[in-house]
Each structure stands twice: as structure tokens, then as C-alpha cells.
Amino acid sequence: MTTNGGFEPVFCTIVPPHVLDRLARHQDPALSGPARRSLEHDAYQRTHRRLTTVIGAPAVAVPAGASADQPDRTVYDARHKQDLPGHKVRSEGQQPGKDATVNRAYAGLGATFELYLKAYGRHSIDGSGLPLDASVHYDVKYNNAFWNGEQMVFGDGDGEIFLDFTIPVDVIGHELTHGVTQHTANLTYFGQSGALNESLSDVFGSLIKQYTLGQTAAEADWLIGAGLLAPRVTGTALRSMKAPGTAYDDDVLGKDPQPATMDDYVHTGSDNGGVHINSGIPNHAFYLVATAIGGHAWEKAGQVWYDVLTGGELKEDALFADFATLTVKAARERYGAGDELQAVQKGWEQVGVRTL
């Protein structure tokens with residue numbers, strides 16, 4: 001259940017549909033083929049999630065005797081098929097094996113669990129010790145990773161445009177954070193509320209990477225998916241929170257379309273109203289807030305964002321201004337009328353989002 005009384009296990013992928021759409025139209029079948037198959041698969045999964053929303057998602061039980069302070073991870077090998085979860089290859093506490101993809105998935109699940117527990121006192125994705133399951137080597141040349149409402153799934157990429165989706169730890173953190181949102185604010189996956197849903201996953205995905213690396217806000221690269229693009233691609237990542245619209249500019253992928261401010265807000269009917277595009281605006285606001293406050297971004301800026309996500313006041317159809325206003329309230333309640341509050345207010349002002 002969510003704090004808002006609903007339950008919407010949306011299907012969320014790390015690679016935006018507009019990127020795969022462009023790839024699917026390429027003349028080279030080595031590029032278009034995997035993209036088309038990935039799009040077809042993602043469309044099926046979205047339909048499946050909608051049906052699950054109607055009939056109800058299966059409950060996932062926490063094993064008896066499990067410690068909420070320790071992760072309960074299981075990694076499966078899909079063996080390039082679509083049957084989930086696949087063959088179990090590593091359980092909690094087992095030593096690393098020879099498959100680097102399995103090891104990265106296991107470590108990423110643990111890094112996400114640790115950030116939420118150590119920084120915010122949250123026990124796994126649902127707050128009650130939910131087991132963390134992941135399947136790797138999913139399908140053939142699958143160009144995506146996703147949270148399906150119950151578990152993580154990783155493709156190997158096509159090797160031409162995308163590499164193994166377990167490489168960036170922030171991708172793992174991003175997708176698992178969709179699960180956190182699912183169990184808390186349950187933001188509707190459309191328009192500005194959907195863009196907030198995506199942005200929150202980028203924010204905490206980035207914080208998980210920064211926490212793992214021990215980086216301050218000034219030291220972080222603020223890139224989402226760095227290391228995921230193959231060498232032939234002219235770009236550094238899927239998105240940039242520091243400079244939205246600059247993550248890639250490639251002959252095949254096109255140019256990163258994310259706006260940094262409301263002046264360039266994109267009105268579109270695709271991608272659920274541009275959820276992966278307009279998320280650049282709240283992403284940039286968080287970057288501005290975190291760097292203005294300084295230090296470790298998960299400690300103060302991240303705490304404010306977490307307070308809003310889990311506080312129970314954020315409506316499912318919230319607009320940017322609604323979320324921004326709640327961050328101002330949360331900053332004032334937690335830190336008073338000091339530098340933190342001013343940083344939050346100024347950050348939203350700089351991206352053109354008004355707060356009440």
C-alpha cells in the first residue's frame with residue numbers, strides 16, 4: 001500500500017522511449033533491430049503493469065526471521081530469455097562468482113539498501129524489509145533496465161549503443177527508487193507528476209552513487225548512466241542534472257532534449273507527457289540546492305527531498321510547484337530559516353518554478 005491509499009506499480013525504464021524510437025528508425029539493422037525489439041517488449045510490459053494495477057499486484061512476503069537492517073538480495077540469470085525471474089545464481093551472503101554482471105547487480109542492490117537505511121532510516125524499498133530481487137542477462141541485446149513493480153531487470157545492451165545496464169550503480173538506484181515512490185507518494189506517471197517520479201529516481205540514483213564513492217556535491221559528476229554508452233556514441237551519459245540537455249549530442253541518438261528551466265518546458269503527448277524530458281527541470285533544481293548547501297548531498301538536500309517523498313502530503317498528481325512548495329516547508333521545519341531554506345527557495349527560483 002502507499003501513503004495515499006493507492007497502489008500503482010508502473011513500468012519504468014532507464015532509457016527513455018524517445019531514444020529507442022530514434023534508434024529503431026536507423027538504417028543499420030544492427031542498431032534498429034535491438035531497439036525495435038526493446039520497444040516492443042517495453043510496450044508489452046507497460047500493458048502488463050496496467051493490468052496488474054487493475055487486478056492487484058501480488059504481495060511479496062518478508063521471510064520470517066529476516067533482519068530489516070540487512071538486505072535480502074537474490075540475483076537470477078534470465079539466460080537471454082524473457083521468463084522471470086530466471087535461474088537463481090546468487091543469494092544473500094554468498095561470495096562473488098565469475099559473472100561480473102551478477103556481482104554488479106548484487107552490489108548495486110546492496111548500495112541502494114545501504115543509502116536508504118543509513119541516511120534515512122528506511123528498511124528496504126517498502127520500508128519493511130522487502131527482499132531485493134534482480135534478473136540479469138534478460139532477453140537478447142535488450143537495451144534497457146527496469147523496475148516492474150516487483151523486481152529489477154537488466155539487459156546486456158546491444159554493444160553498439162548501450163553496454164551492460166548493471167555498469168552504472170545509479171541506474172540500479174534509479175530503478176529501485178521507482179519502487180520507493182510506488183510505496184510512498186505513488187506519483188502518477190504522466191505529465192509533471194510523472195516527471196517528478198522520474199526526477200526523484202534520478203536524484204536518489206545519483207545520491208546512491210555519491211554515497212558509494214564518498215563524494216561531496218562539488219565532487220560529483222551529476223550524470224545519470226555514465227559508463228552506459230558504448231565508445232562509438234558521442235556523449236557521457238543518459239542525463240545530466242548539472243547541465244540538462246548536454247548529456248549527449250550524437251549522430252545516431254540525436255541531442256539530449258532535457259530542459260533545465262521552465263522557459264524550455266516541453267509540451268508533448270509522447271513518453272507519458274515527456275516524463276523523461278521535463279524531469280530535467282526538478283533535477284536541475286536539486287543540483288542547485290545540493291551544491292549551494294555543500295557537503296554530502298544526501299545529508300541535507302537529500303533529506304528534504306526524502307521528507308517530501310515520504311511525508312504523506314505529496315499528492316499523486318502533484319505539479320512541480322506543489323513539490324517545490326513542500327520542499328520549502330520541509331526545509332523550514334527541519335533546518336529553520338537558515339542557509340538550507342534559502343538554498344531550496346533559490347534553487348526552484350533559478351529553474352522558474354514558483355513556490356508558495
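Guide: Helices (H or I, at least four residues) and strands (E, at least two) are DSSP runs, numbered from the N terminus. This is a predicted model, in which local features need pLDDT of at least 70, side-chain atom pairs count only at pLDDT 80 or more, and totals for chains, interfaces and linings use all residues. Residues are numbered from 1 along each chain as its sequence is written, and side-chain values use heavy atoms, with hydrogens and water left out.

Visitor: Is glutamine 303 buried or exposed?

Guide: Buried means under 20% relative accessible area, exposed over 50%, partly exposed in between (1.4 Å probe, protein chains only). Glutamine 303 has a relative accessible area of 11%, so it is buried. Leaving aside neighbours within four places in sequence, glutamine 303 is in contact (heavy atoms within 4.5 Å) with Ala119, Tyr120, Trp298, Arg334 and Tyr335.

Visitor: How is the packing of two helices described?

Guide: Two packed helices are described by the angle between their axes and by the distance between the axes. Axes are lines fitted to C-alpha atoms, for helices over the stretch in contact, and angles run from 0 to 180 degrees between N-to-C directions. Here the axes of helix 8 (residues 301-310) and helix 9 (residues 320-335) come within 9 Å and cross at roughly 115°. Among the residues making this contact are Gln303 and Trp305 of helix 8, and Phe323 and Arg334 of helix 9.

Visitor: In what order do the strands of the sheet stand?

Guide: Strands of a sheet pair through backbone hydrogen bonds, either parallel or antiparallel. Two strands count as paired if DSSP finds at least two bridges between them. In this model six strands form an open sheet in the order 1-5-6-4-2-3, with mixed pairing. Strand 1 (12-13) and strand 3 (87-91) stand at the edges with a single partner strand each, so one side of each is left without a neighbour in the sheet. Strand 1 pairs with strand 5 (residues 145-147) in the antiparallel sense over two bridges, and cysteine 12 stands opposite tryptophan 147 in strand 5.

Visitor: Which peptide bond is cis?

Guide: Most residues other than glycine have a negative phi, and most peptide bonds are trans. A cis peptide bond joins leucine 84 and proline 85, with omega about 5°. Proline 85 is found in the loop between strand 2 (73-77) and strand 3. Arginine 79 lies in the loop between strand 2 and strand 3, and its phi is near 55°, a positive value.
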